[in-house]
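Here is a short report on one protein chain. Keep the sequence and the 3D view open while reading.

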Amino acid sequence: MADISMLQLFKAFLESTPQLILQIHIVMVSDDSTFSQYVSIALSFCSISCATVNYQIVLRKSLPDKNEFSGVFCKFIYLFYKLMTLTSWILTIVLLSMLSIIGSIVLLIFLWFGNLSWVIKQNTEFCKSKATESVYRMIVAIILIFTFFNIKGENTAIVQSVYYVFRIIVTVIILCICGYWKSLLDEKIYLSTLIIAAVIFLILGIISLSIYYIHFHPNIYCTQDEVDGLEVEREEPCRFSKFLIQ
């Protein structure tokens, strides 16, 4: 189930997220946006965020030494954290694309190379062959553009702090640039509203992140896989200790 959930997560960030960015961009430049388009965008944000929550729920059930992801409030806080940070970041990327499509592409490529370098440095060992491991690392690097993952099940308090501090700095810089060169943006874009919304969403996301990791985040270590319908008779290292542990 964790494998299936991981594939759904890959689909959400490799397919749904780029489509969402394109959809928002089209709505901003369109003269006849409809209410259904805004509803579709909102549902896409929720769908991608729910994929991360579903992965976390299934993953905890797969790891014997993790507490289950129980409690409505716990799930809501985690969903809210992902939804707010993701929404803020995607709005920021779209605003940059409105100012310069080339600039937004360069930013995403730069972030991808930076993430890939960090993932390679972690020496992940999730796949059996080097070729598939390379593909796995490239996909993880794409996901890291939009949200944070602990890719080795280790304590990443410092790394995650650096990740979101960098996210805050980049977001503020991009929004300031968009505000400074607002004359280059389409007049029909409610720039001030979008900038304020991106900032508020980011603040709410960071607050939710802090609440989740202070009160609800479990330990990250495990001893063995829990196989569906089978009884594990011998002790062995947990494969999911090398998995995408959020």
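This is a predicted model: local features need pLDDT of at least 70, side-chain atom pairs count only at pLDDT 80 or more; totals for chains, interfaces and linings use all residues.

Glutamine 8 sits in helix α1. Its relative accessible area is 43%, so glutamine 8 counts as partly exposed.

Residues are numbered from 1 along each chain as its sequence is written, and side-chain values use heavy atoms, with hydrogens and water left out.

**Overall layout**

The protein chain has 7 helices and 0 strands. Its pattern along the sequence is α-α-α-α-α-α-α. Both element types are DSSP runs numbered from the N terminus: helices are H or I with at least four residues, strands are E with at least two. Of the 246 residues in the chain, 46% are buried. Contact means heavy atoms within 4.5 Å. Among contacts with a separation of 6 or more, 74% join residues 24 or more positions apart. The chain exposes about 13,200 Å², and carbon and sulfur atoms supply 67% of that area. Accessible areas come from the Shrake-Rupley method with a 1.4 Å probe; for residues, only the protein chains shown count as cover.

Helix α1 covers residues 2-29. From first C-alpha to last, α1 reaches 39 Å, close to the 40 Å expected for its 28 residues at 1.5 Å a residue. The expected span is 1.5 Å times one less than the number of residues. There is a kink of about 35° in α1 at serine 16, shortly before proline 18. The bend at a residue is the angle between axes fitted to the seven residues ending there and the seven starting there.

Histidine 25 also belongs to α1. With a relative accessible area of 17%, histidine 25 is buried. Beyond its neighbours within four places in sequence, histidine 25 contacts Val94, Ser97, Met98 and Ile101.

Helix α3 has 28 residues and reaches 40 Å, close to the 40 Å expected at 1.5 Å a residue. This helix is mostly covered, with 22 of its 28 residues buried. Isoleucine 93 is in α3. Its relative accessibility is 3%, so isoleucine 93 counts as buried. Outside the four places on either side in sequence, isoleucine 93 touches Ser104, Leu108 and Phe146. Isoleucine 93 and isoleucine 105 are 12 residues apart in sequence and 9.3 Å apart in space, C-alpha to C-alpha.

**Nonpolar cores**

A nonpolar core is a set of buried Ala, Val, Leu, Ile, Met, Phe, Trp, Tyr and Cys residues joined through side-chain atoms within 4.5 Å. The largest has 49 residues; Phe13, Ile24, Trp89, Ile90 and Phe146 touch the most other members. Each of α1, α2 (35-62), α3 (72-99), α4 (101-121), α5 (130-146), α6 (157-180) and α7 (191-215) supplies at least two residues of this core. Another core of 11 residues lies apart from it, with Cys74, Tyr78, Tyr164 and Leu209 among them.

Phenylalanine 13 has contacts with Pro18, Ile48, Thr52, Leu86, Ile142, Ile143, Phe146 and Thr147, leaving aside neighbours within four places in sequence.

**Salt bridges**

How many salt bridges does the structure hold? There are 2. A salt bridge is a side-chain nitrogen of Lys or Arg within 4 Å of a carboxyl oxygen of Asp or Glu.

| Pair | N to O distance |
|---|---|
| Glutamate 15 and lysine 11 | 3.8 Å |
| Glutamate 133 and arginine 137 | 3.8 Å |

Glutamate 15 and lysine 11 both lie in α1, 4 residues apart, about one turn of the helix. Glutamate 15 is partly exposed at 37% relative accessibility. Lysine 11 is partly exposed at 46%.

Glutamate 133 and arginine 137 are both in α5, again 4 residues apart, about one turn of the helix. Both are buried. The relative accessible area of glutamate 133 is 5%. Leaving aside neighbours within four places in sequence, glutamate 133 contacts Thr124, Glu125, Phe126 and Cys127.

Note on methods:
Buried means under 20% relative accessible area, exposed over 50%, partly exposed in between (1.4 Å probe, protein chains only).
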